[in-house]
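Subject: Structure handover and notes

Dear colleague,

I am passing on the structure below, followed by some notes on what was found in it. Please read them alongside the coordinates.

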Amino acid sequence: MNKPITNDLNLKLLLVTFCVAMFSLNAFADTDLSAREIMERVDEESRKSTDSAFTRMKLTTCKYGKKDGKIKCAEKPRIKLVENAQINTGIDDKDTKSVAIILEPASERGIGMLSYSYDDSDRDNETWLYLSALGKVKRISVRNSDDEETESASIFGTEMTTEDQESGKLDDYTYELLEQGKFRGREVAVIESTPKPHRLSKSSYGKTQSWVDTERFITLKVQMFDKNSNPIKKLEVGKVEKINDVWMGRSLTFFNTVSNRLTNMRLEAINFGVDIQEDFLTQRALTDQAFREKYLKDLRKQAQ
Amino acid sequence: MFNSLLRQVIFVIFGFIFLLNVNADDSFFDDDTVFDESGGEFDEWSDDSDVFGEDADIEKKTLSWLDLGVTQKWGFNPASDYSTTEERTEITLGTSGSVSDSGYGEVELKATQYWPSDSNYSTEKNDLEVEKAFLQFSFDDWSTKIGKYTIGWGELEGGALDVVNPSGGLTDPSMLPQWFLSATRYFDNRDLSFFYNTNPKISKSKLLVLKNDTYDEFGMRYGISSEGSDMAFYLGQLVPNDALINLTDGQVYATPYQLIGFGVNKAFNDYLLKFDVAYKNNIQQNRTGQFIKVDRLDWDLAFDIQNDDRQWLISINSQYLLDFADDYLTPSILGVGVSTKRNSMSYMASVSDKFGDSDWKWGLSNVISSNNDLNLSSATLDWDINDQWQASFSGTYIDAKDNRAFAALDDYQRVNLEIKYQY
């Protein structure tokens with residue numbers, strides 16, 4: 001029996017929004033860029049680094065508490081192992097197409113999700129799920145409405161939501177540089193992003209504050225606030241490494257400070273510039289398992 | 001004696017696995033862990049922060065290629081002092097993987113043990129069947145698939161076009177896989193698929209004999225996907241999933257009918273609109289003293305609404321007889337003819353959600369079928385205990401009109417409990 005999945009598995013690489021890359025040759029120790037320019041660099045570099053990316057990631061979720069002053073998982077964590085292939089497409093490569101396949105746990109193995117994400121605010125993102133027990137592909141309705149009371153869909157039942165994954169749409173926000181200084185030994189700029197009215201109505205967040213490494217243009221931390229300016233969620237980026245000449249965080253942890261649950265996304269393997277054909281990122285990848293396995297085998301080989 | 005022993009052995013194994021799991025869990029629930037309000041800063045956060053410890057490691061399976069599932073099911077009838085109506089143990093063994101460079105296969109076997117209090121026990125004490133088994137090969141733009149699996153047609157489950165695979169029955173909507181040979185040709189945003197089935201599965205009462213030989217069934221689907229919408233055209237000759245009793249000779253028949261259909265979905269903001277329509281030719285129909293074939297137009301319209309974890313499904317379904325006479329009859333469950341209505345309408349509404357951020361999920365649904373001849377309400381409570389264990393509790397109640405086709409189901413009550421382990 002297939003476990004019903006209602007979540008939008010729009011698994012664009014997390015790096016798109018938060019784990020952003022830059023080449024060290026372009027470093028700015030003391031940036032004089034505006035907040036908007038910094039976020040543009042973050043977005044720009046992220047697109048370079050995530051195009052044609054093949055990733056294996058582990059999503060670990062649990063309820064947490066503090067023990068001896070340290071954050072600890074307070075229950076046996078739920079673990080999902082996922083493979084994801086993604087390309088950038090559309091005008092200026094600002095849209096994305098991706099397919100995510102669950103490898104573990106056994107009860108969800110083989111469930112596939114195809115997602116198309118559009119940079120244009122007027123175009124609704126699209127998601128399809130293959131339900132083997134029903135023998136068909138199902139289009140999933142995703143949140144695009146203006147209902148302020150709704151929240152964006154959770155991904156795989158984790159603390160990550162589709163909104164956390166969104167990239168681009170820079171014109172939908174205003175940016176303010178709050179502070180510059182040292183954070184975890186890095187030069188950072190703290191930038192507050194406030195959604196414009198048309199975006200606010202679609203967002204779960206009233207504003208976000210991002211700690212951006214201004215040498216690497218990678219976000220090290222994000223604090224999310226609700227529409228009453230209460231902190232509700234936080235992202236911590238860790239294990240920052242240079243992979244294929246790209247700086248990135250291999251461990252991203254989302255803390256839901258309301259429900260006291262966290263999700264850690266750890267990149268087990270990632271490869272950029274992999275040859276991913278657009279015809280793989282179609283519904284065929286969901287229904288034709290032979291085609292999918294053959295393609296994934298090839299991607300795994302390229303990734304080695 | 002043997003059954004009793006077997007039951008004890010299964011319960012011991014089941015209990016042992018459960019015990020192992022509970023013991024394993026104990027180490028993860030630490031009483032010393034304090035659930036502080038954690039809205040403040042986590043300044044201590046660093047790359048060395050070890051939130052999960054060794055718990056974050058995926059358990060290495062002894063037989064990594066083997067998928068094992070054990071399900072224990074109980075059913076009780078509240079209307080009869082909660083007497084047991086269902087008590088069975090299901091064990092599934094399965095595996096999947098690549099076959100050569102361009103192939104993929106899956107196989108799953110299911111063994112069922114019916115215990116003496118199970119209503120099925122009098123006719124069948126145990127059962128072993130191939131639940132699923134298929135090989136799929138992919139070459140260029142073509143894909144072929146042979147074996148036992150499920151083919152889903154149409155947008156709405158149980159709708160006008162969802163006619164290829166039979167379901168488990170009125171109170172069990174799960175689809176039953178069948179043996180098929182199918183092929184699909186993929187284009188850019190379109191696909192054309194065919195299927196052929198030489199031995200269609202037909203649901204019928206075990207007390208009745210199927211009069212006709214089985215017929216082959218085959219069909220074609222042409223699907224088109226575009227931004228914000230998917231659509232498909234259907235054509236086929238199908239055998240009814242449920243055999244129909246001929247009220248004149250008392251035997252049951254399942255003769256093929258022809259279908260032309262169209263299904264489409266369209267996303268609007270939070271909801272998904274689904275529509276199916278099908279013209280069906282040569283549908284079996286009883287009328288006074290005769291067993292005839294008629295034409296029927298079926299359609300359904302549904303809204304699938306997703307709002308955070310809450311999901312609504314609202315649907316309306318119609319079966320309209322294009323040929324009609326006042327002496328048309330519909331057999332009741334007990335085999336008595338009642339008058340047929342030209343347009344049979346059904347309505348369904350369901351909602352499901354999680355309890356906050358917990359591992360508990362609830363669902364409610366109501367089905368009004370055949371112009372209110374039957375009203376089925378159900379409630380479910382699912383507990384996703386961990387990655388291996390799930391438990392489900394459900395209740396069903398049916399209110400049926402007297403002297404109509406479903407009268408025998410009036411005041412039907414069931415409470416079901418299911419515990420599932422997957423490894």
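A residue counts as buried if 20 or more other C-beta atoms, placed from the backbone, lie within 10 Å of its own.

This is a predicted model, in which local features need pLDDT of at least 70 and side-chain atom pairs count only at pLDDT 80 or more, while totals for chains, interfaces and linings use all residues. Residues are numbered from 1 along each chain as its sequence is written, and chains are lettered from A and ligands numbered from 1 in the order in which they are written.

Chain A has five helices and 14 strands, these being DSSP runs (H or I, at least four residues, for helices; E, at least two, for strands) numbered from the N terminus. Of its 304 residues, 54% are buried.

In chain B, strands β2 (residues 83-99) and β3 (residues 103-114) pair in the antiparallel sense over twelve bridges, where pairing requires that DSSP finds at least two bridges. Within this pair Thr95(B) has Val107(B) as its bridge partner, and in the hairpin, with three residues between the strands, Ser100(B) takes a positive phi near 60°. β3(B) also pairs with strand β4 (residues 126-139) of chain B, in the antiparallel sense over eleven bridges, and there Glu106(B) is partnered by Phe134(B).

Best regards

Notes
A residue is buried if 20 or more other C-beta atoms lie within 10 Å of its own, exposed if 12 or fewer, and partly exposed in between; C-beta atoms are placed from the backbone.
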